[in-house]
Amino acid sequence: MSLFGLGRNQKTFRPKKSTPSGSKGAQLRKHIDATLGSGNLREAVKLPPGEDLNEWLAVNSVDFFNQVNLLYGTLTEFCTPENCRTMSAGPKYEYRWADGVQIKKPIEVSAPKYVEYLMDWIEAQLGDESIFPQKLGSPFPPNFKDVVKTIFKRLFRVYAHIYHSHFQKIVSLKEEAHLNTCFKHFILFTFEFGLIDKKELAPLQELIETIIVPY
């Protein structure tokens, strides 16, 4: 089963979020599709000339959310509370969940529960028009980049868990090339705009160096 084809057995973790047609992000999405089609990820992440940085961050936040969502969706039958009792990335890194609103003190939960909380939280941010405005001319909030940084930090944790706990399963599904391309695109974008602190990237540092060193 390919992530590119919609096989009968495909499990998408949640419905794909899309930018409404005619909205701010529609033109930028066409640009992303065109540049990604060329296969040059380094060019694809760059802010298009004359475009607004916040709009570029917004439309890519939706795209990367959808990508991680789809990747994790292929693993939901393997990433279970029994198999993954904590949200870990190897023996040295474990993530606890807090959103500062419903759950203020970090709690230890299974990996699937953590990802569920995480995706719900991101979906709520993306759907909040005071944070991600859809109408042309609507302003972004002053803390917009901070929200985007938190979204990317949390999406990275899903990648870290997949690579450390489920990579062999990804290989058996013949999806490793797709996973690696998605992660490379994600990391190049992250580095282009300084979205994740270096210490947060430690669980996948060696892999990241193979992407960034030629940068």
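Which elements do the buried residues of α4 pack against? I looked that up before anything else, keeping in mind that this is a predicted model. They pack against α3 (53–73), β1 (87–88), β2 (94–95) and α5 (144–172).

**Entry: overall layout**

I stepped back to the whole chain. I find seven helices and two strands in it, and along the sequence they run α-α-α-β-β-α-α-α-α. The chain has 215 residues, and 47% of them count as buried. I also checked contact range: taking contacts between residues at least 6 apart in sequence, 72% join residues at least 24 apart.

**Entry: α4**

Back to α4, which covers residues 111–126, 16 residues in total. From first C-alpha to last, α4 reaches 22 Å, close to the 22 Å expected at 1.5 Å a residue. I listed its buried residues: A111, P112, Y114, V115, L118, M119, W121, I122, Q125 and L126.

**Entry: α3 on α5**

Next I looked at helix pairs. Two packed helices are described by the angle between their axes and the distance between the axes. For α3 and α5 I get about 20 degrees, with the axes 11 Å apart. Angles under 35 degrees count as roughly parallel, so I put α3 and α5 down as roughly parallel to each other. The crossing of α3 past α5 is left-handed. On the α3 side the contact is made by N54, L57, A58, S61, F64, F65, Q67, V68, L71 and Y72. On the α5 side I noted F144, K145, V148, F152, L155, V158, Y159 and I162. Sorted by type, the residues of this α3 and α5 contact come to 14 nonpolar, three polar and one charged.

S61 sits in helix α3. Is S61 buried or exposed? S61 counts as buried, because its relative accessibility is 0%. Skipping neighbours within four places in sequence, I see S61 in contact with L126, F132, V148 and F152.

V148 belongs to helix α5. V148 also has 0% relative accessibility, so I count it as buried. With residues up to four places away in sequence left out, V148 touches L57, S61, F132 and L195. I also took the C-alpha to C-alpha distance from V148 to Q125: 9.3 Å in space, for 23 residues apart in sequence.

F132 is in the loop between α4 and α5. At a relative accessible area of 4%, F132 is buried too.

**Entry: α5 on α6**

Then the other pair. How are α5 and α6 oriented to each other, parallel or antiparallel? The packing angle is about 155 degrees, with the axes 11 Å apart. Angles over 145 count as roughly antiparallel, so that is how I logged α5 and α6. Their crossing is left-handed. From α5 the contact takes in K145, F152, L155, F156, Y159, I162, Y163, F167, I170 and V171. From α6 I have E176, L179, N180, C182, F183, F186, I187, F189, T190 and F193. The tally for this α5 and α6 contact is 16 nonpolar, two polar and two charged.

**Entry: α6 and its two ends**

The buried residues in α6 include H178, H185 and L188.

Last, backbone angles. Most residues other than glycine have a negative phi. K174, in the loop between α5 and α6, has a positive phi near 60 degrees and is not a glycine. K174 counts as exposed, because its relative accessibility is 72%. Just after α6, G194 also takes a positive phi, about 60 degrees.

Conventions:
Residues are numbered from 1 along each chain as its sequence is written. This is a predicted model: local features need pLDDT of at least 70, side-chain atom pairs count only at pLDDT 80 or more; totals for chains, interfaces and linings use all residues. Side-chain values use heavy atoms; hydrogens and water are left out. Helices (H or I, at least four residues) and strands (E, at least two) are DSSP runs, numbered from the N terminus. The expected span of a helix is 1.5 Å times one less than its number of residues. Buried means under 20% relative accessible area, exposed over 50%, partly exposed in between (1.4 Å probe, protein chains only). Contact means heavy atoms within 4.5 Å. Axes are lines fitted to C-alpha atoms, for helices over the stretch in contact, and angles run from 0 to 180 degrees between N-to-C directions. Angles under 35 degrees count as roughly parallel, over 145 as roughly antiparallel, 65 to 115 as roughly perpendicular and the rest as oblique. A crossing is left-handed if the near helix is turned anticlockwise from the far one by less than a right angle, and right-handed if clockwise. Ala, Val, Leu, Ile, Met, Phe, Trp, Tyr, Cys and Pro count as nonpolar, Asp, Glu, Lys and Arg as charged, and the others, Gly among them, as polar.
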